[in-house]
Amino acid sequence: MLLKQADRMHSVQKSIIRQIFEAAQGKAINLGLGEIQFDMPQLLRNRAADVALNENCRYTENAGMKEFRDQVAVYYNNEIESEGVCITCGAAEAIHSCFTAYVNPGDEVMLADPTFLAYEASIKLNNGLPVYYRLDPDQGFCLDKEDFVAKISPKTRIVVICNPSNPLSKCLTVAELEFMADVCAQNNIMIICDEIYRELTYIPRQPSILDIYENSIAISGLSKAYCMTGWRIGWAASRITDYIKPIVVAHQYQSTCAPYISQKVGTLALSEAGRGTICQIKEQLTANYDLITDYFATRLPDIEYLPPDAAPYLFIRVDRDDTKLAAELSAKGVIVIPGCAFGQNGKNWIRISYALDTRLLIQGLDILASSLIE
Ligand SMILES: Cc1ncc(COP(=O)(O)O)c(C=O)c1O
């Protein structure tokens, strides 16, 4: 008889996003992917080639190469030390390692509704209880402060923030962040803030949570701003170096260390020259965003979308069953993500990503328009 999966696996399933991809036609236009589908900057590719040819890619320190951690500290204006950084296999692993390090069975971890869906699964796999605070769809998804306070309980251990938000591409205001930080300070709660889209804002770059609240961990990485999803490189960082120590241990037993080659590339990516490459990616994203806003203004003037503060998502109000609409669009050859995949408050909305080839984007929008204005 085959061994049954562990009980904890019953609380999670393959994400709705993955299920949609798998059900879609092979040639479907993908407006669903949470990936910037542009080329990784040449400067960084050259560095990777150089490292592959001339260095032996071995294990590194579990917490990551000192030179890379130093660069991460510089990224946070030296407000943190390199011991306050753990380099991980993508932001996804940083998130998971944080929960492994800090969530006890039965602890409550607060998440926005809607938000990135990996948090819930990761909390459950670490035997924690996700509790949702409301971002109000009728108020541009701003924080419902009353609801936030009401959801805090003696069991609340961590509040998770995704800023800028996936799926909303919207930033919380500094006032909202300060409000959350004050409430957390009064209740001795840690904030984990996923800032992976921070470099892709159209509005001025937002402060990190590390600038606002000491009892916090910032999560980030290179997947989005440098188009490096396949290099699996991210980090957890805190002003409190002791916070990082158990995360390094959790990370050690998950992956030993992040890939050597990705850490070398990452060190260059965070240097001044490397950071300059983000501009080209942002230019492409801005061009696509301009295209999409023109498209909506001329072809879909009655369809509401949430004005984004950052790339690469557009959250569109469809005022009908978003899951059915996503299935209908998938049958027509375009993948979009139903808003309910990110929480109840995402119901009747869909998320599209516009970080792809312009020609495909227009084709995808034409199919979307055919369903929205039928
Ligand atoms: C909000 C957010 N955090 C983390 C991740 C995962 O990033 P990484 O590729 O660095 O693991 C994603 C990927 O879509 C994301 O949207």
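1. The chain folds into 13 helices and 13 strands; helices (H or I, at least four residues) and strands (E, at least two) are DSSP runs, numbered from the N terminus. The radius of gyration is 20 Å, close to the 21 Å that the globule rule gives for 374 residues, so the chain is as compact as a globular protein of that length. Here the radius is taken over C-alpha atoms, and the globule rule is 2.2 Å times the number of residues to the power 0.38.

2. The model is predicted: local features need pLDDT of at least 70, side-chain atom pairs count only at pLDDT 80 or more, and totals for chains, interfaces and linings use all residues. Residues are numbered from 1 along each chain as its sequence is written.

3. Of the 374 residues in the chain, 48% are buried. A residue is buried if 20 or more other C-beta atoms lie within 10 Å of its own, exposed if 12 or fewer, and partly exposed in between, with C-beta atoms placed from the backbone. Among contacts with a separation of 6 or more, 74% join residues 24 or more positions apart; a contact requires C-beta atoms, placed from the backbone, within 7 Å.

4. The domain assignment gives domain 1 (7–40 + 274–372) and domain 2 (57–272), with bounds from an automatic or database domain assignment. The contact between them takes 34 residues from domain 1 and 38 residues from domain 2. On the domain 1 side, helix 11 (272–299) and strand 10 (313–317) are the elements that give two or more residues, and helix 11 supplies the largest share, eight residues. By class, that side has 16 nonpolar, 11 polar and seven charged residues. Ala, Val, Leu, Ile, Met, Phe, Trp, Tyr, Cys and Pro count as nonpolar, Asp, Glu, Lys and Arg as charged, and the others, Gly among them, as polar. The domain centres, taken over C-alpha atoms, are 24 Å apart.

5. The shell around the ligand has 13 residues, of which Gly34, Gly90, Ala91, Ala92 and Ser223 come nearest; a residue is near a molecule if its C-beta atom, placed from the backbone, lies within 6 Å of it. Helix 4 (residues 90–102) contributes the largest share of this shell, three residues. The shell divides into five nonpolar, seven polar and one charged.

6. Asn77 lies in the loop between helix 3 (66–75) and strand 2 (85–88). Asn77 is exposed, with 10 other C-beta atoms within 10 Å. Asn77 and Asp211 are 134 residues apart in sequence, yet their C-alpha atoms are 9.6 Å apart in space.

Notes:
Contact = placed C-beta atoms within 7 Å.
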